Amino acid sequence: MQSLSGNWNLVCFDCSVPRVISSRGQIDREQMEKLDGFLQAAGAASRNVLVMGHYPLVYPDGVRIGWDHELPGRSRVLELLAKHGARAYLHGHTHQGWALDHAGIIHLNCCSAGMMDTRSGRMPGFVVIDVEN
């Protein structure tokens, strides 16, 4: 957990796993417990919380989710974010940018910061977020 300002915290978790055949992530019980603890601490400090992980938790209509390219258990992460009132979830993984509001939580995908999507020709991008007290 990192304080960004007087009213904002950033909570990050690493769910990326090197795999030979797929690009699936993994979040185990220990990681879920740590994430729950960090989110609870941020809420107890009366702070707005941004959460960052590699994989999307929700997808826009029309984006195909393959078994080999997802985060299994992402619904449990969504439940934790809702439970603790996270304001936004920042992620990447797919090389397509989007901003979705799902159950009051903004999901931002900046796409890839340094790699063009060879299938669609989409260029790399990034997102700058200004947080204020």
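## Close-up views of the predicted model

**View A. Asn109 and its contacts.** Asn109 touches His91, Gly92, Thr94, Gln96, Gly97 and Trp98, leaving out residues up to four places away in sequence. Contact here means heavy atoms within 4.5 Å. Asn109 belongs to strand β6, residues 105-109. Helices (H or I, at least four residues) and strands (E, at least two) are DSSP runs, numbered from the N terminus. Is Asn109 buried or exposed? Asn109 is buried, at a relative accessible area of 3%. Buried means under 20% relative accessible area, exposed means over 50%, and partly exposed lies in between (1.4 Å probe, protein chains only).

This is a predicted model, in which local features need pLDDT of at least 70 and side-chain atom pairs count only at pLDDT 80 or more, while totals for chains, interfaces and linings use all residues. Residues are numbered from 1 along each chain as its sequence is written, and side-chain values use heavy atoms, with hydrogens and water left out.

**View B. The whole protein chain, for orientation.** The protein chain has two helices and six strands. Their order along the sequence is β-β-α-β-α-β-β-β. The chain has 133 residues, and 38% of them count as buried. Take the contacts between residues at least 6 apart in sequence: 59% of them join residues at least 24 apart. The accessible surface is about 7,900 Å², with 51% belonging to carbon and sulfur atoms. Accessible areas come from the Shrake-Rupley method with a 1.4 Å probe; for residues, only the protein chains shown count as cover.

**View C. His91 in strand β4.** His91 lies in β4, residues 88-91. Its relative accessible area is 6%, so His91 is buried. Which residues does His91 touch, not counting residues up to four places away in sequence? They are Gly53, His54, Tyr55, Pro56, Trp98, His107, Leu108, Asn109 and Cys110.

**View D. The largest nonpolar core.** This core has 21 residues. A nonpolar core is a set of buried Ala, Val, Leu, Ile, Met, Phe, Trp, Tyr and Cys residues joined through side-chain atoms within 4.5 Å. Phe13, Leu35, Leu39, Val51, Val77 and Leu81 have the most contacts inside the core. At least two core residues come from each of α1 (29-44), β3 (48-52) and α2 (74-84). Another core, of five residues, lies apart from it; Leu10, Leu50, Ala88 and Leu90 are among them. Val77 is in contact with Phe13, Ile27, Met32, Leu35 and Leu57, leaving aside neighbours within four places in sequence.

**View E. The α1 and α2 pair.** The two helices pack at an angle of about 15 degrees, with axes 10 Å apart. Axes are lines fitted to C-alpha atoms, for helices over the stretch in contact, and angles run from 0 to 180 degrees between N-to-C directions. How are α1 and α2 oriented to each other? They are roughly parallel. Angles under 35 degrees count as roughly parallel, over 145 as roughly antiparallel, 65 to 115 as roughly perpendicular and the rest as oblique. The crossing of α1 and α2 is right-handed. A crossing is right-handed if the near helix is turned clockwise from the far one by less than a right angle, and left-handed if anticlockwise. From α1, Met32, Leu35, Asp36, Leu39 and Gln40 take part in the meeting. From α2 come Arg76, Val77, Leu80, Leu81, Lys83 and His84.

View F. Leu57 is buried, at a relative accessible area of 2%. Gly73 counts as partly exposed, at 23% relative accessibility. Leaving aside neighbours within four places in sequence, Leu57 is in contact with Leu71, Arg74, Val77, Leu78, Leu81, Tyr89 and His107. The C-alpha atoms of Leu57 and Pro72 are 9.6 Å apart, across 15 residues of chain. Gly73 and Gly25 are 48 residues apart in sequence, and their C-alpha atoms are 9.3 Å apart.

**View G. Ala86, between α2 and β4.** Ala86 lies in the loop that links α2 and β4. Ala86 counts as buried, at 5% relative accessibility. Ala86 touches Val49, Val51, Leu81 and Ile105, not counting residues up to four places away in sequence. Ala86 and Leu39 are 47 residues apart along the chain, with C-alpha atoms separated by 7.9 Å.

**View H. Ala103, between β5 and β6.** Ala103 lies in the loop between β5 (98-102) and β6. Ala103 counts as exposed, at 68% relative accessibility. Ala103 has a positive phi of about 55 degrees, although it is not a glycine. Most residues other than glycine have a negative phi.
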